[in-house]
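Here are a few friendly notes to read alongside the structure.

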Amino acid sequence: MKPKLFIPGPTHVDQEILDAMAQYPIGHRTGEYRELQERVVSGIKEVLFTKQSVLVSTSSATGLMEAGVRNLSQRRVANFVCGAFSQRQAEITRICGLDQDSFEVAWGQATTARQVEQALSTGNYDLATLVFNETSTGVMNPLAEIGEVVQKFPDVLLMVDAVSGMLGAPIKVDEWGLDMVLASVQKAWGLPPGFAVMSLSDRALERSRSIPESQKGFYFDFVRMHKSGEKSQTTATPSIPHLYALSAQLDRIQAEGLENRFARHAQMAGRVREWGREQFGLFAQPGYESDTLTCFNNRFDLDLLALAARMRDRNYLISGGYGNLKGKTFRLAHMGDLQMSDIDDVLSVLDEVIKGL
Ligand SMILES: *Cc1c(COP(=O)(O)O)cnc(C)c1O
């Protein structure tokens, strides 16, 4: 039996989703396919509270992180960095040859609206990048407040890496003025890896139209992607199994209720924090703890490799620290299709394993 996934990606996948994926393929230029994509895209618009564009991408999220900066900046990018994934976004920006500045806070701290406002006030930038939920530190940034601040700067687009946050907490794309919000599906969507989704504002699409194709490339050109999307198609052959899975998942989300799904995440997060707050201490700045994963301090210098190995023996996969935090923290994901009973299970096994270390 494969261990149950409590790592922050890929996450646990319910059998119903696996079954939905295992269907005989259909032609991607058929009416049947177009109906499938249309259903999926309109479902994603609902969960992201947007009437603007939603596009699907056969890639992991990192593909869209790269596409975003290449499509949305012609001047200079402000990369807000609070951990490993937001740092990756800054690195991608540099590697793509775009001018950028990084605005960093200590890992475990949140990027604040005030910090964003100060940076953008210089007038140097036409794109800001932000991570919603920093998976390496367990910090959830104040997205609504930051969105509000960025709206004061009409020339600046806001691009949000919501990979480990999307569907685990509300993201009100139109109300908060978010120009691009991207996520892969192997985190809080609860699907197997290999696919990504994004929202794109009309402003962002306009910006992409003004960027030379040589900067954007072919596969990830937003204008090209949008043009195919208008016909409920994709430019190249998509991962059709993922569209089946997304369609099934959107039905299940509707059955659960989106608000209930968010509430379930908040409850699971509350339970996990309560378990470890006294014992270990939380790595995230108080008030900005993530609702989809928790990062604990390794206060007692536990052998985290041994901890993960013993948990693996008991059929649970948990995660040591990411990047610079390896050995110093451990993380538990509580997102996607995990239920409260799964959280109770993993915590009681953790208690036993820690006692025996
Ligand atoms: C997992 C993750 C990524 C990388 O996603 P891929 O689908 O592996 O490309 C990027 N950002 C955040 C915040 C993540 O959690």
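1. A quick definition before we start: two strands pair if DSSP finds at least two bridges between them. This is a predicted model, and in it strand β2 (residues 53-57) pairs with strand β10 (residues 196-200) in the antiparallel sense, over 5 bridges.

2. Are the residues of β2 buried or exposed? The strand is mostly covered, with 5 of its 5 residues buried. That goes for both faces: Ser53, Leu55 and Ser57 are buried on one side, and Val54 and Val56 on the other.

3. Now to the overall layout. The domain assignment divides the protein into domain 1 (4-10 + 256-356) and domain 2 (24-239). Their contact takes 25 residues from domain 1 and 30 residues from domain 2. The C-alpha centres of the two domains lie 27 Å apart.

4. How much area is buried between domain 1 and domain 2? It is about 2200 Å², and carbon and sulfur atoms give 63% of this. On the domain 1 side, Phe262, Tyr288 and Tyr322 lose the most area to domain 2, together 26% of what that side buries.

5. For polar links, the count between domain 1 and domain 2 is 8 residue pairs in polar contact and 0 salt bridges.

6. The largest share, 5 residues, comes from α11.

Note on methods: Residues are numbered from 1 along each chain as its sequence is written. This is a predicted model: local features need pLDDT of at least 70, side-chain atom pairs count only at pLDDT 80 or more; totals for chains, interfaces and linings use all residues. Side-chain values use heavy atoms; hydrogens and water are left out. Buried means under 20% relative accessible area, exposed over 50%, partly exposed in between (1.4 Å probe, protein chains only). Helices (H or I, at least four residues) and strands (E, at least two) are DSSP runs, numbered from the N terminus. Domain bounds come from an automatic or database domain assignment. Contact means heavy atoms within 4.5 Å. Buried area is the accessible area (1.4 Å probe) that two parts lose on being put together, summed over both. A salt bridge is a side-chain nitrogen of Lys or Arg within 4 Å of a carboxyl oxygen of Asp or Glu. A polar contact is a pair of N or O atoms within 3.5 Å; within protein, one must be able to donate a hydrogen and the other to accept it, and residues adjacent in sequence count only if both atoms are side-chain atoms.
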